[in-house]
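Q: I would like to learn how to read a structure like this one. Where should I begin?

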Amino acid sequence: MAMDVAQTLELLQQKALQDEKLKGQLFATRQSHTPIRDFCDISTKAGLPLYEMDLIEYGESSYAAIRRSTNGGGENSPLLNYEDDAYEMFLSALAQREAAEGSSR
């Protein structure tokens with residue numbers, strides 16, 4: 001059974017928190033000319049297949065669901081910066097979890 005993107009990202013985050021090299025590779029994609037492609041390649045090589053369009057669609061679908069749930073999803077819904085960017089949301093969450101785990105040690 002194939003995993004959905006949310007499951008893949010959660011498992012990738014768990015793996016990255018346990019593997020410094022993997023975590024470093026993921027963060028390094030921010031400096032790449034093709035960050036999402038490289039991010040997906042790293043995930044796939046880590047045993048968690050992830051494709052660019054699936055990641056992009058996941059971010060946009062998640063954002064659309066948030067917008068629909070805010071004030072009925074009308075034009076007056078607040079603009080949520082980066083909420084449609086699953087790649088950036090993943091790296092931000094990974095950095096926060098890394099900081100939280102580092103401070104609890």
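A: Begin with the kind of model, which here is predicted. After that, list the elements and the totals, and then go to single residues.

Q: How many helices and how many strands are there in the chain?
A: The chain has five helices and zero strands. Read from the N terminus on, the order of elements is α-α-α-α-α.

Q: What part of the chain is made up of buried residues?
A: Of the 105 residues in the chain, 27% are buried. The surface can be read by atom type as well: the chain exposes about 6800 Å², and carbon and sulfur atoms supply 51% of that area.

Q: Which share of the contacts with a separation of 6 or more comes from residues 24 or more positions apart?
A: Contacts can be sorted by the distance along the sequence between the two partners. In this chain, among contacts with a separation of 6 or more, 57% are between residues 24 or more positions apart.

Q: Which residues is T8 in contact with, leaving aside its neighbours within four places in sequence?
A: T8 contacts M3, S43, L48, P49 and L50. A C-alpha separation is another way to relate two positions: T8 and T44 are 36 residues apart along the chain, and their C-alpha atoms are separated by 9.8 Å.

Q: S43 is on that list. Where is S43 found?
A: S43 is in helix α3, residues 35–45. With 0% relative accessibility, S43 counts as buried. Apart from residues up to four places away in sequence, S43 touches T8, L12, L48, P49 and L50.

Q: How many aromatic pairs does the structure hold?
A: There are two aromatic pairs. For each pair, read the distance between ring centres and the angle between ring planes. F39 and Y87 have ring centres 5.3 Å apart and planes at 85 degrees, so this pair is edge-to-face. F39 lies in helix α3 and Y87 in helix α5 (residues 86–103), so the pair ties together parts that are 48 residues apart in sequence. Both accessibilities can be read too: F39 counts as buried at 0%, and Y87 counts as buried at 5%.

Q: What kind of aromatic pair do F39 and F90 form?
A: F39 and F90 are also edge-to-face, at 5.1 Å centre to centre with 70 degrees between the planes. This pair links distant parts of the chain, since F39 is in helix α3 and F90 in helix α5, 51 residues apart. F39 and F90 are both buried. The ring pairs join F39, Y87 and F90 into a cluster.

Q: Now for helix packing. At what angle do the axes of α1 and α2 cross?
A: The axes of α1 and helix α2 (residues 20–28) cross at roughly 120 degrees and come within 5 Å. That angle makes α1 oblique to α2. The handedness of the α1 and α2 crossing is left-handed.

Q: Which residues meet where α1 and α2 are in contact?
A: From α1 the residues are L12, K15, A16 and Q18, and they meet E20, L22, K23 and L26 in α2.

How values were computed
Residues numbered from 1 in each chain as written. Predicted model: local features only at pLDDT ≥ 70, side-chain atom pairs only at ≥ 80, totals over all residues. Heavy atoms only, no water. Helix = DSSP H or I, 4+ residues; strand = E, 2+ residues; numbered from the N terminus. Buried < 20%, exposed > 50% of the residue type's maximum accessible area, 1.4 Å probe, protein only. Contact = heavy atoms within 4.5 Å. Areas by Shrake-Rupley, 256 points an atom, 1.4 Å probe, with all protein chains shown as cover. Phe/Tyr/Trp six-rings, centres within 6.5 Å; stacked < 30°, edge-to-face > 60°. Axes fitted to C-alpha atoms, helices over the stretch in contact; angles between N-to-C directions. Parallel < 35°, antiparallel > 145°, perpendicular 65-115°, else oblique. Left-handed = near helix turned anticlockwise from the far one by under 90°.
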